[in-house]
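Q: Can you walk me through this one? I'd like to start with the metal site and then look at a helix.

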Amino acid sequence: MNLKIKFVGIGGGRRATLTQKIKTGGIYLEFSKNNIDTKLFLDPGVGAFTRALEQKIKFIKIDGLLVSHCHTDHINDAPVTIEAMTNTGRTKRAGMYCPKTVAEHISDYYKNCLEKVITLRANEKFKIKNINIKTTKTIHTEKFNIGFILEDFVGYTSDTIFTEHIAEQYKNLDVLILNICFFKNPYKGKDLGFGQHMDAYDAVRFLKIAKPKACIMYHLGMSILNYGFEKTRNYIQSNSGVKTILPEIGKTYNPTLTVE
Ligand SMILES: [Zn+2]
């Protein structure tokens with residue numbers, strides 16, 4: 001199996017999204033398995049469409065749109081992405097895979113452009129072409145939020161707090177895309193939406209349990225920009241012992257996480 005991962009954006013959280021000081025936009029994945037290519041777009045947040053166009057992603061070839069939950073930095077550009085994937089519905093094709101909150105939020109006009117809309121909960125298995133995908137549990141303000149594990153190779157935590165149980169779902173993957181919104185989350189444990197995101201300290205605890213071959217930092221918030229991207233990466237890598245990568249927007253990574 002071969003895989004290419006392109007980070008259309010890397011930002012997340014309200015302040016990064018609303019200021020675009022860290023560009024948001026989602027993740028594009030291209031699998032090649034047994035001579036079948038499968039192209040997926042994950043969490044098309046604010047700016048995803050424009051940035052993906054600039055990065056020469058061919059929407060009409062995308063087989064599946066995966067949306068983890070109904071927050072702006074994950075769902076905002078789903079409608080226009082669906083239009084581009086289906087030639088504004090003239091070519092009914094591809095699918096959207098998402099929790100029911102996302103399916104309810106997207107109007108029938110867009111859903112009818114697609115061949116299928118599959119609603120998912122945590123701990124379900126499904127296929128897009130020949131790619132096996134599992135959904136994972138999260139704990140987040142959007143209760144129906146899900147993460148994904150693709151081909152038991154690459155995992156995406158989506159937005160969640162850290163618990164041992166949540167980290168255990170991702171054991172021994174090759175690549176783990178970890179949503180880290182803060183260097184140190186001052187809202188942790190408080191009854192606030194901001195509290196339900198991981199910080200660098202959670203990332204270390206998560207990686208010591210999940211033990212992936214490599215971790216990619218994603219969904220980066222302003223607190224990480226202020227502390228320093230490289231200092232945060234170094235903190236996570238040196239304390240977890242897991243190779244940690246800060247992705248560059250628009251660059252394509254191969255399965256060993258080197259830039260192509
Ligand atoms: Zn969220």
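Predicted model: local features only at pLDDT ≥ 70, side-chain atom pairs only at ≥ 80, totals over all residues.

Q: Which protein atoms are the donors of the zinc ion?

A: They are H69 (NE2), H71 (ND1), H140 (NE2) and D159 (OD). These donors lie 2.2 to 2.4 Å from the zinc ion.

Q: What is the geometry of the site of the zinc ion?

A: The site is irregular. Angles among its 4 donor atoms run from 91 to 167 degrees.

Q: And what spacing do the donors follow along the chain?

A: The spacing is H-x1-H-x68-H-x18-D. H69 and H140 link distant parts of the chain, 71 residues apart. H69 sits in the loop between β4 (64–66) and α3 (72–75). H140 sits in the loop between β8 (131–137) and β9 (146–150).

Q: Are H69 and H140 buried or exposed?

A: Both H69 and H140 are buried.

Q: Which ones are buried in α8?

A: A200, D202, A203, V204, F206, L207, I209 and A210.

Q: What covers the buried residues of α8?

A: The cover includes helices α7 (164–168) and α10 (229–240). It also includes strands β11 (175–182), β12 (198–199), β13 (214–218) and β14 (243–245).

Q: What happens at the start of α8, and what follows the helix?

A: At the start, a side-chain oxygen of D199 comes within 3.1 Å of the backbone nitrogen of Y201. K211 follows α8, with a positive phi near 50 degrees.

Notes: Residues numbered from 1 in each chain as written. Heavy atoms only, no water. Buried < 20%, exposed > 50% of the residue type's maximum accessible area, 1.4 Å probe, protein only. Helix = DSSP H or I, 4+ residues; strand = E, 2+ residues; numbered from the N terminus. Contact = heavy atoms within 4.5 Å. Polar contact = N/O pair within 3.5 Å; in protein donor to acceptor, adjacent residues only side chain to side chain. Donors = N, O, S within 2.8 Å, 3.2 Å for Na, K, Ca; no water. Tetrahedral: all angles 85-135°; square planar, octahedral: opposite > 155°, others 65-115°.
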